[in-house]
Amino acid sequence: MLKTMTTFLDPAKADQTSRRDMLKPWADEARELLKLAAPLIAMQLAQIGSLTADIIMVGYLGKEALAATAIGAVIFYLAWLIGFGPVMAVSPIVAQTLGAHPNDRARVRAAVRMGFWSIGVMSPILIVALLWTRPILEFLGQDPKIAAMAEPWVIVISLGLPFWLGTALLRGFATAIDKQRPVLLIAIATVLVNIFGNYVFIYGNFGAPAFGLVGSAIASTIAYTFSFAALLTLVLYAPAFKKYYLLHRFFRPDWRKLAEIFRLGFPMGSSLIFEAMLFNSATLIIGTFGATAVAAHQVALNIPSVTFMVPLGIGMAATVRVGLAAGARNAIAARRAGHTAIAIGCGFMALCGVVIAAMPETLAGLYLSATDPANEGVIPLAATFLYVAAAFQLFDALQVTAQSSLRGIKDARAPMWIAGLSYWLIGFPLAFGLAKWANLDGLGVWLGLLVAL
């Protein structure tokens, strides 16, 4: 009563109290979002850290090995994305289920079970398709020597594909129930397993044969298998997860849930494929300009990929936050969660753009030895690409946080069409035209990526 009278008698204090009350829900949402996003960001950074370690350790084999990894990853990553679409749909389905019915473990279990079924259906088809890596790369105009080096790398790493998809599924489940912190420890351990595997199998340490480039694929496959086994053990036996009994009646079909996973996962996966394959197609276009250009592109692409993990983690958290609010039929909270994620993601990436533009050659020099004559021209070219990467940081954050927020309300079709139009009716023709017809080579490709984003 006294507080009410004080604010009535003091209009300035009343205005201040009103502003504080207005901002409090936004501050609370930012706190909850970042609390959920922090381990997700760490997991994404751990995952990209594993890829970065691959690039650096393969880089010591020379620019041809690095180029073979780059173009081989194009084919493998496309297969992974196709399988990842249905897997990605599980998280918003679980979040909305828990938002509407917090104790409905049966529906949660059914969604995760059908996610596993989707992996079982897709993985064999995708692995068989990857056996054709070399002819596909040669058909796309890649150097036959580089394509021949890439093929065994892809075939070996394809054996880890179902385990990587299974890992993604269990991570999405853990995020939806807000129990992702122990998952982070497994993600860090997976990076260490991959790095140790690279050290052993690429260079032939501890008595192992030196497999060279293929050793990197062996290490990655072992790391994917370890990650899935560790996560599966966690969700089956840790008290926070055990109560869901995820493998209970595992072979019992839920056709309606499986159909929902594919129906929602198709546009989600398509949006990712439109974007990822634009960047992968950029690698293939640049591959026609030689190993130096591909190596520079691979280095330059990895750096914004690292910064991208932060808004990606924020976006994944936004999917859950929006999904919980939508399940509870609270449109205001859902809108607030989405807008908060967009603002935080864009703010971070704007700062990253400034840092990348300020020191591109220093960053590129972390990946390859500047004193090695074999790498002449790679670092300056990578630095040129990084100036363009700095310019698209903000736009990349905006699209991933907005798109992830829309997934929380199971709105995936509009983002799919926007991505398709932006990346393939505008971005790809422009990248190809500037590279081939305007004779800008790799720089033209990167300018096309900027416009598309």
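**Terms and their grounds**

Student: Why is L61 called partly exposed?

Tutor: L61 has a relative accessibility of 37%. Buried means under 20% relative accessible area, exposed over 50%, and partly exposed in between, with a 1.4 Å probe and protein chains only. The value of 37% lies in between, so L61 counts as partly exposed. Please note that this is a predicted model, in which local features need pLDDT of at least 70, side-chain atom pairs count only at pLDDT 80 or more, and totals for chains, interfaces and linings use all residues. Residues are numbered from 1 along each chain as its sequence is written, and side-chain values use heavy atoms, with hydrogens and water left out.

Student: Where is L61 found?

Tutor: L61 is in the loop between α2 (11-59) and α3 (63-100); helices are DSSP runs (H or I, at least four residues), numbered from the N terminus.

Student: What makes R171 buried or exposed?

Tutor: R171, in helix α7, has a relative accessibility of 13%. That value is under 20%, so R171 counts as buried.

Student: Which residues is R171 in contact with, leaving aside its neighbours within four places in sequence?

Tutor: They are M43, Q47, V183, A187, S227 and L231, where contact means heavy atoms within 4.5 Å.

Student: Which residues of α7 and α9 meet?

Tutor: In α7 they are F163, W164, G166, T167, L170, R171 and F173. In α9 they are Y224, T225, S227, F228, L231, L232 and V235.

Student: Why is I286 called buried?

Tutor: The relative accessible area of I286 is 0%. This is under 20%, and therefore I286 is buried. I286 lies in helix α11 (residues 255-287). Leaving aside neighbours within four places in sequence, I286 is in contact with A293, V294, H297, G442, V445 and W446. I286 and K436 are 150 residues apart in sequence, and their C-alpha atoms are 10.0 Å apart in space.

Student: How do you know whether V451 is buried, partly exposed or exposed?

Tutor: V451, in helix α17 (residues 441-452), has a relative accessible area of 48%. Because 48% lies between the limits of 20% and 50%, V451 is partly exposed. Leaving aside neighbours within four places in sequence, V451 is in contact with I426 and L430. V451 and F428 are 23 residues apart along the chain, and their C-alpha atoms are separated by 9.7 Å.

Methods: Helix = DSSP H or I, 4+ residues; strand = E, 2+ residues; numbered from the N terminus.
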